[in-house]
Amino acid sequence: MNRNAKLEISDWVMGKTRHDELVQGFVETVDTWRGIARVFVVKSDNEETIGKLVAIPLPWLERMSTGTFDDVEQLHDLIDLALVTKDEAWFKELTAKLQEKQQIASESQSRKPRSFSAQNRLGTSAIWEQ
């Protein structure tokens with residue numbers, strides 16, 4: 001990990017445990033005095049580690065880049081994760097963002113002009129918008 005970048009609670013990280021397990025998860029606590037972070041494991045090459053808190057030395061961790069999560073499907077996945085981790089504040093934040101996206105989508109659908117086309121007996125087409 002970059003020594004200049006300090007980890008904070010809720011940062012997404014990737015690293016290796018003392019048992020050489022590759023893990024991904026988010027930081028629950030940071031103990032700078034001891035130089036370790038407790039990470040809630042979401043993904044691991046050892047399935048028994050998933051869903052547990054593990055202590056990992058700070059130099060063995062790397063902060064993961066965070067995306068924008070603009071996709072509605074990604075928001076649904078994150079809402080599920082917030083429910084599993086019982087993070088009420090994050091759940092409320094994500095559901096508000098999802099509702100905002102759904103509202104924007106419905107407003108843009110209702111504002112689209114409708115166009116109709118018809119062909120008369122002579123084969124001439126007419127297009128008009130409503």
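Visitor: Taking contact to mean heavy atoms within 4.5 Å, which residues does Ser44 touch, not counting residues up to four places away in sequence?
Guide: This is a predicted model, in which local features need pLDDT of at least 70 and side-chain atom pairs count only at pLDDT 80 or more, while totals for chains, interfaces and linings use all residues. Residues are numbered from 1 along each chain as its sequence is written, and side-chain values use heavy atoms, with hydrogens and water left out. Ser44 lies in strand 3, a strand being a DSSP run of E of at least two residues, numbered from the N terminus. With residues up to four places away in sequence set aside, Ser44 touches Glu21, Leu22, Val23, Thr49 and Ile50.

Visitor: Is Ser44 buried or exposed?
Guide: Buried means under 20% relative accessible area and exposed over 50%, with partly exposed in between, using a 1.4 Å probe and protein chains only. Because the relative accessible area of Ser44 is 17%, Ser44 is buried.

Visitor: Which backbone nitrogen does the side chain of Ser44 reach?
Guide: A polar atom of the Ser44 side chain lies 3.2 Å from the backbone oxygen of Leu22. The side chain of Ser44 also reaches, at 3.0 Å, the backbone nitrogen of Asn46.

Visitor: How many bridges join strand 3 to strand 4?
Guide: Two strands pair if DSSP finds at least two bridges between them. Strand 3 (residues 36–44) runs antiparallel to strand 2 (residues 22–31), joined by 8 bridges, and Val41 in strand 3 stands opposite Gly25. Arg38 has Ala55 in strand 4 as its bridge partner. Strand 3 and strand 4 (residues 53–57) run antiparallel, and the number of bridges joining them is 5.

Note on methods
Helix = DSSP H or I, 4+ residues; strand = E, 2+ residues; numbered from the N terminus. Polar contact = N/O pair within 3.5 Å; in protein donor to acceptor, adjacent residues only side chain to side chain. Contact = heavy atoms within 4.5 Å.
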